[in-house]
Amino acid sequence: MTTPFWYNAALAILKPVYQWRIKKRAENEQQYQQECLERFGPFQPAKNQHVLWFHVVSVGETNAAQPLIEHYLKLGHPILVTNTTKTGQARAKSLFLKAPYEALFQAVYLPADQKHLVQDFFQKYQPKMLVLVETELWPNLIDQAQLANVPTILVNARLSEKSAKGYAKVPSLTQQMLRGLNQLLAQDQASLERFQQLGTPKNQSDVVGSIKFDIHAPQNFIDQAERLKVEWKLTHRKIITLASTHAPEEQLLLEALRTQLDADSELLFIVVPRHPERFDEVYRAAQNLNLTTHRRSLNEVIQTDTQVYLADSMGEMWLWYGLSQACFVGGSLNVPGGGHNILEPIVLKVPTVLGPNYFNFQTIVDEFVKEDAVAVGHDASHIAAMLIDFIENKSLAEQMTENATAIMKKNAGSLKKHIAILDQYL
């Protein structure tokens, strides 16, 4: 099995555009050169060979894979994580590139999906197994895994109706990729059926639930949040986090909440934009609204007059949730949106609000909505009112977090099922 000529030709033609995009988002020349080396070679030396290779796209997939990666690190397996975004790589390193796992763990960017690059990458790391997380399919990656006899498993697999339509437009490529997988472990029945309609063999695919329900907050972030509450004198502040936000969500929500911010000096918003290249833009938006704003990147602390704290750092989302009494999960008020993972704040018992456009997490969110375990607002003013309500109405907040915790407990157990299947290939 080989990938089609047209696909490889298209990649070669698009390479300069890809490099231009990397340059555009790089903060400096050194960062640009480093990412280009990891994407296009020559690749840096492998810290370990015969690794368990997890490919995760960004922050959400990294968080989803966290308990699986942690399980195998604890058993002493060397782990390689590849990402396609800067935020995803920062998240992976913040979780695992530290004691006691530092010698076993390496995180680099996924090479561009050109055949010679992927071949070289396989040769360098000689993986025992390739674990793809959620919906991350690359034709040459899967093709070269087959040629190298490396078992390839798509875990925590999900597929929205919109994504399924996209894959259906290139059936020759999609069917070949899906048939190249040894196993596909879907989060829910709807995703499984969409994958099977696209060509996944029924005898190699099953529903095992979402690993995301088995997530837990890293203790170091919980401890750090408790320290900061004391050091930054936050015990009396009413803290709301706007997490993983996209344009124009920050602008819309801060405008909707400006009256409350000016009226209540205890109210504080921590804003965590999804993409680092937007940090300055979000800072300007807060400044233009005359809101007293401080920045994490400048090592500024939250002061008594801080109204907006711009969390323009990477890999610290657990910390901001740990300080919060309510939160908005972004990518759900913008258009087209799609949403982000709601389970992190829920694990920390933070009442969670999102916008109407959460189709990437439809099945999970719908279950929480049905049980009054998250709140969905239809526009910025509705979301703003809900967030203030959770801050002011403690019994309402407690009821929602109780409902959410019950759903988490009911859905736990997918991690064990995933491990049992992955272990068969080790």
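Asn 156 counts as buried in this predicted model, at 0% relative accessibility, where buried means under 20% relative accessible area, exposed over 50% and partly exposed in between (1.4 Å probe, protein chains only). Asn 156 sits in strand β5 (residues 152–157); helices (H or I, at least four residues) and strands (E, at least two) are DSSP runs, numbered from the N terminus. Its phi is near 50 degrees, a positive value in a residue other than glycine. His 50 also has a positive phi, of about 55 degrees, without being a glycine. His 50, though, is found in the loop between α2 and β1, and it is partly exposed, with a relative accessible area of 42%. For context, most residues other than glycine have a negative phi, and most peptide bonds are trans.

Residues are numbered from 1 along each chain as its sequence is written. Since the model is predicted, local features need pLDDT of at least 70 and side-chain atom pairs count only at pLDDT 80 or more, while totals for chains, interfaces and linings use all residues; side-chain values use heavy atoms, with hydrogens and water left out.

On to the cis bonds. The peptide bond from Gly 41 to Pro 42 is cis, with omega near -5 degrees, and Pro 42 belongs to the loop between α2 (29–40) and β1. Ala 247 and Pro 248 are likewise joined by a cis peptide bond, with omega about 0 degrees; here the proline is in the loop between β8 (238–245) and α11 (249–263).

As for the rings, the structure holds 11 aromatic pairs. Rings of Phe, Tyr and Trp (its six-membered ring) pair if their centres lie within 6.5 Å, and planes under 30 degrees apart count as stacked, over 60 as edge-to-face and the rest as tilted. Trp 53 and Phe 121 have ring centres 5.1 Å apart and planes at 50 degrees, so this pair is tilted. Because Trp 53 lies in strand β1 (residues 52–55) and Phe 121 in helix α5 (residues 115–125), the pair ties together parts that are 68 residues apart in sequence. Trp 53 is buried at 1% relative accessibility, and Phe 121 is buried at 2%. Ring pairs link Phe 43, Trp 53, Phe 121, Phe 122 and Tyr 125 into a cluster.

The charged end of Lys 23 sits over the ring of Tyr 32, 4.3 Å from its centre, and Arg 158 lies over the face of Phe 361, at 4.7 Å from the ring centre. The criterion is NZ of Lys or CZ of Arg within 6 Å of the ring centre and within 35 degrees of the ring normal.

Then there are the cavities. A cavity is a set of points, on a 1 Å grid over the protein atoms alone, where a 1.4 Å probe fits but cannot get out; lining residues have an atom within 4 Å of a point. Grid points are joined across faces, edges and corners, and a volume is the space filled by probe spheres set on the points. Three cavities of 30 Å³ or more are counted. The largest cavity has a volume of about 180 Å³ and is lined by 17 residues, of which Val 59, Val 272, Ser 313, Gly 315 and Met 317 lie nearest its centre. The second largest cavity holds about 90 Å³, and its lining includes Val 59, Met 317, Arg 274 and His 340. Helix α3 gives the most to that lining, with three residues.

Terms used
On a 1 Å grid over the protein atoms alone, a cavity is a set of points where a 1.4 Å probe fits but cannot get out, and a pocket is an open set with protein on both sides within 12 Å along at least five of seven lines; lining residues have an atom within 4 Å of a point.
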